[in-house]
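Work through the exercises below with the model open. Try each task before reading its solution.

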Amino acid sequence: MLEKIVERMKSLYAMVSGSGSYTLVIAPHDAGEVRNAHFSKASIRKALSICVCTVFLSITGTLAMLADINGISQEHKELLAYQENKVEQEKKLQELSLASEKVQKDVAELNKIEMQVRQQMEQYGISLPKDIKAKRSVGGIGGPTEDILVGTTVMLEQNKLLHQQVLAKTATWDGLLGTIKQENYRKEVTPNVWPTNSTYVTSEFGRRYNPFDGTTSDWHGGLDIADDYGAPIYATASGYVEQSGWYGGYGRYVRISHDYGYQTCYGHMSGINVSAGEYVKKGDVIGYVGSSGYSTGPHLHYEVLLWGQEVNPRDYL
């Protein structure tokens, strides 16, 4: 359209170029007075110039206005996009903050349980390795901020620290549970319970008078525990049966091998309930009280050995 206007103006300028004039005749249809108006080409050229300038300025102004409107519209779109993005970021930041808060609560609860476990372990004399001693949590600092980027950075850093705390706490709990498991196993294989329901000891560990002549001295490597004939005899620790059967002066005899260098021996039994190679748990019935072998009456001869050496069973009961 603009090109047509330019071409039309050029043709008009060509018509009014040079000197001379034009006469405009005004003849009314009702036979009224005819009027003539004379215009010089110079005045027409001047009027055309004014028209051209006016049209140019109008077009330029219109284009500028359209550009401004387009610019304002683009800025408005960008503002809306920024606001939407800000709302979305704030929503994600809030979700991240809530998730972080939940993890912190879980870690705090885990710390409380850990302290209770540690107190129980200390109460029962379970020593902890140095690498899993209690550690103080790293304290936090902070304050409000309206900068989403700063807030996001802070949350990411906080989550990073929480992740490190969770990993450290997991390692600590692995150590605690490992220690507890090891301690439970150690107790399971340590002969620290009575082998009979009776606790009546008729002969202690160590030097004593010979029970058959009452005058000579001999070595007694265990405890003689009196009980009713046929009363159950229990394994005092978990382990594997090494020997089961008749064994000289011990009569019916069972020897069990445990971990940590322990062995337990049971003699003068009236009956045996286990076989060599069998695994028994602490508290299992392995036989029954009797008086087989060299014995003056129903009782259990009970021994504890540590790395092959006889030790006083009372030290473990």
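**Exercise 1: Asn-312**

Task: place Asn-312 in the chain and list its contacts.

Solution. Asn-312 sits in the segment after β14 (309-311). Strands here are DSSP runs of E with at least two residues, helices are runs of H or I with at least four, and both are numbered from the N terminus. This is a predicted model: local features need pLDDT of at least 70, side-chain atom pairs count only at pLDDT 80 or more, and totals for chains, interfaces and linings use all residues. Residues are numbered from 1 along each chain as its sequence is written, and side-chain values use heavy atoms, with hydrogens and water left out.

Next, the contacts (heavy atoms within 4.5 Å). Leaving aside residues up to four places away in sequence, Asn-312 touches Phe-205 and Leu-223. Leu-223 is 89 residues from Asn-312 in sequence, with 8.0 Å from C-alpha to C-alpha.

Last, the side chain. That of Asn-312 reaches the backbone nitrogen of Arg-314 at 3.1 Å.

**Exercise 2: Gln-243**

Task: which side chain makes a polar contact with that of Gln-243?

Solution. Start with the strand: Gln-243 belongs to β8 (residues 239-246). Then list the neighbours. Not counting residues up to four places away in sequence, they are Tyr-253, Val-254 and Arg-255. The polar partner is Arg-255, at 2.6 Å between the side chains. A polar contact is a pair of N or O atoms within 3.5 Å; within protein, one must be able to donate a hydrogen and the other to accept it, and residues adjacent in sequence count only if both atoms are side-chain atoms.

**Exercise 3: Aromatic pairs**

Task: how many aromatic pairs does a search of the whole structure find? Classify two of them.

Solution. The search finds 8. The rings of Tyr-185 and Tyr-260 have centres 6.2 Å apart and planes at 50 degrees, so this pair is tilted. The rule: rings of Phe, Tyr and Trp (its six-membered ring) pair if their centres lie within 6.5 Å; planes under 30 degrees apart are stacked, over 60 edge-to-face, the rest tilted. Tyr-185 lies in helix α3 (residues 148-188) and Tyr-260 in the loop between β9 (252-257) and β10 (262-272), so the pair ties together parts 75 residues apart in sequence.

Now Phe-205 and Trp-219. Their pair is edge-to-face, with 5.3 Å between centres and 80 degrees between planes. Phe-205 is in the loop between β3 (201-203) and β4 (206-209), and Trp-219 is in strand β5 (residues 217-220), 14 residues apart.

Finally, a cluster: ring pairs link Tyr-247, Tyr-250 and Tyr-253.
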